[in-house]
Amino acid sequence: MTDRWAHQPRTIAATREAYRGGARRILIVLPTGGGKTRLGRHYVNAYACRGQRVLWVAHREELVAQAAATLAGVAGAVGVLQADRDPGDAPVVVASVQTLAARGVGRLPPADLVILDEAHHYVAAQWGAVARAYSEALTLGLTATPARADGTALGDLFDHLV
């Protein structure tokens, strides 16, 4: 990972340690501007280089576009799944959670790694169903807001905090 701040290698090391310790749904908390998307790109690259499938989920159109642009050039093609766009057979797919929810759990793209951008939103019922559909995949949540204003706990969705 290039152009990283000192906290990013520590975050990667802590995430690896959590994974080796059995964590499968890891919430990564960094402040706004802390490089969450660039950090996520590191994980996407690691999985894609091994031929594994990755799904990056965002909740707003501009975040889908930002993630797709940031992930461009990662090992393999990056496809976008939205109402009017099909990713084809791209090993890395960026999708809006609304599109995934509309497709239904039975029609979700396969993934070995799922990254939930703005992860604090995924405890909502419909969005949480999408996140929980990937119980076999390693799930990384990215957020600057680990506590929700409504008090809903994130611990039901994530089993480790970095």
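**Note on the predicted model: sheet, cores and aromatic contacts**

1. The fold is built on an open sheet of 7 strands in the order S3-S4-S2-S5-S6-S1-S7, with parallel pairing. Two strands are taken to pair if DSSP finds at least two bridges between them; helices (H or I, at least four residues) and strands (E, at least two) are DSSP runs numbered from the N terminus. Strand S3 (78-81) and strand S7 (160-161) are the edge strands, each pairing on one side only.

2. The model is predicted: local features need pLDDT of at least 70, side-chain atom pairs count only at pLDDT 80 or more, and totals for chains, interfaces and linings use all residues. Residues are numbered from 1 along each chain as its sequence is written, and side-chain values use heavy atoms, with hydrogens and water left out.

3. Strand S5 deserves attention. S2 and S5 run parallel and are joined by 4 bridges; in S5, Val114 is the bridge partner of Leu55 and Leu116 that of Val57. S5 also pairs with S6 in the parallel sense, over 5 bridges, and Thr139 in S6 is the bridge partner of Val114.

4. Are the residues of S5 buried or exposed? Of its 5 residues, 5 are buried, where buried means under 20% relative accessible area, exposed over 50%, and partly exposed in between (1.4 Å probe, protein chains only). Leu113, Ile115 and Asp117 point one way from the strand, whereas Val114 and Leu116 point the other way.

5. H1 lies across S1, S6 and S7 and runs at about 160° to S1. H3 touches S2, S3, S4 and S5, and its direction makes about 165° with that of S4. Axes here are lines fitted to C-alpha atoms, for helices over the stretch in contact, and angles run from 0 to 180 degrees between N-to-C directions.

6. The largest nonpolar core has 28 residues. Such a core is a set of buried Ala, Val, Leu, Ile, Met, Phe, Trp, Tyr and Cys residues joined through side-chain atoms within 4.5 Å. Those with the most contacts inside it are Ile28, Tyr43, Val44, Trp56, Leu113, Ile115 and Leu140. Among the elements that each supply at least two of its residues are helix H1 (7-20), helix H2 (36-49) and strand S5 (113-117). A second, separate core of 24 residues includes Leu81, Ala95, Leu116 and Ala131.

7. Which residues are in contact with Tyr43, leaving aside its neighbours within four places in sequence? They are Thr11, Ile12, Thr15, Ile28, Leu113, Ile115 and Leu140, contact meaning heavy atoms within 4.5 Å.

8. His59 is placed in the loop between S2 and H3 and counts as buried, at 12% relative accessibility. Beyond its neighbours within four places in sequence, His59 is in contact with Val97, Gln98, Glu118, His121, Tyr122 and Trp127.

9. A search of the whole structure finds 1 aromatic pair. The rings of Tyr122 and Trp127 have centres 5.8 Å apart and planes at 45°, so the pair is tilted. Rings of Phe, Tyr and Trp (its six-membered ring) pair if their centres lie within 6.5 Å; planes under 30 degrees apart count as stacked, over 60 as edge-to-face and the rest as tilted. Tyr122 is buried at a relative accessible area of 0%, and Trp127 is buried at 16%.
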